[in-house]
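Subject: Structure for you to look at

Hello,

Here is the structure I said I would pass on. My notes on a helix pair and on the pockets follow below.

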Amino acid sequence: MKRIESIKNPQIKQWKKLHTKKERDLTGTYIIEGFHLVEEALKNKAVVRELIISEGIDLPANWNLDNLSITVVTDQIMKEISDTETSQGVAAVCEQYSTINNIVSFSKFLLLDAVQDPGNVGTMIRTADAVGIDAVIIGEGSVDVYNSKVIRSTQGSIFHIPIIKGNLSETIEQLKKNGIKIFGTSLKNAINYKEAEITDSFALIVGNEGKGVNSSLLEMTNQNLYIPIYGKSESLNVAVAAGILLYHLR
């Protein structure tokens, strides 16, 4: 266990940089905050490179801290590296998931096409976890899954389910070869989701908050679905829509 008391320590600057996508991509790491997220990371065998705690903080007795690098910092330093208004005094630096190329053993997928709101992405990962989806595929144009707001919105589900960054066109082609039925979400050339044939394996594609799923991807699906609107709202929030569809298809 080591201590850092100077706010000018180079390590502090490095931790702060992890709140930027550029540094996360460069180092292959990201930072999490709070007891719940750190506990979920430790429980689910996420690769925790370093645990950071404020002086005077007591860690839960059931946490497995064997062979874990721990750094004790001042409250001022913790506040400096924190992305939340009120820090709980515990944070961790974790390694990002490596891309999983072999998804043959998986049968249920959620694909995100250019979804940009961190809260939406985090909520959909959490919902996919609850539904029992095998993997979430994050397509190009979507918000970085290691954005702190995304991580907080997952409520720990980011450690329960594989999150794969990938090209959606290539992914859809691979899934179809594996016999996975592909469902898109669209208002055009689509059927009411309640009419969808339920299968043991499927992939659901949801799209950008404003533009929806890219038309080129919709042309690759087996079937496109829509959720009827009975009131005056023009549309459903994408995370709400994903939840309705995932539970129905499940």
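Please keep in mind that this is a predicted model.

I began with two helices, α5 and α9. Helix α5 passes α9 in a right-handed crossing.

Which residues in α5 and α9 meet? On the α5 side they are N120, T123, M124, T127, A128, A130 and V131. On the α9 side they are V238, A239, A242, G243, L246 and Y247. Sorted by class, this contact has 9 nonpolar residues, 4 polar ones and no charged ones.

The largest pocket holds about 730 Å³ of space. It is lined by 28 residues, and the closest to its centre are T185, S186, L187, G212 and S235. Two or more lining residues come from each of β11 (202–207), α8 (215–218), β12 (223–226) and α9. Helix α9 gives the most, with 4 residues, and it is also the helix that meets α5. By class, the lining of the largest pocket divides into 13 nonpolar, 11 polar and 4 charged residues.

The second largest pocket has about 250 Å³ of space. Of the 17 residues that line this pocket, E33, G34, L37, T84 and R152 are the closest to its centre. The elements that give two or more residues to its lining are β2 (29–33), α3 (35–43) and α6 (148–154). Here the lining residues divide into 5 nonpolar, 10 polar and 2 charged.

A note on methods will follow separately.

Regards

Key:
Residues numbered from 1 in each chain as written. Predicted model: local features only at pLDDT ≥ 70, side-chain atom pairs only at ≥ 80, totals over all residues. Heavy atoms only, no water. Left-handed = near helix turned anticlockwise from the far one by under 90°. Contact = heavy atoms within 4.5 Å. Nonpolar A, V, L, I, M, F, W, Y, C, P; charged D, E, K, R; others polar. 1 Å grid on protein atoms, 1.4 Å probe; cavity = no way out; pocket = protein on both sides within 12 Å on 5 of 7 lines; lining within 4 Å. Points joined across faces, edges and corners; volume = space filled by probe spheres on them.
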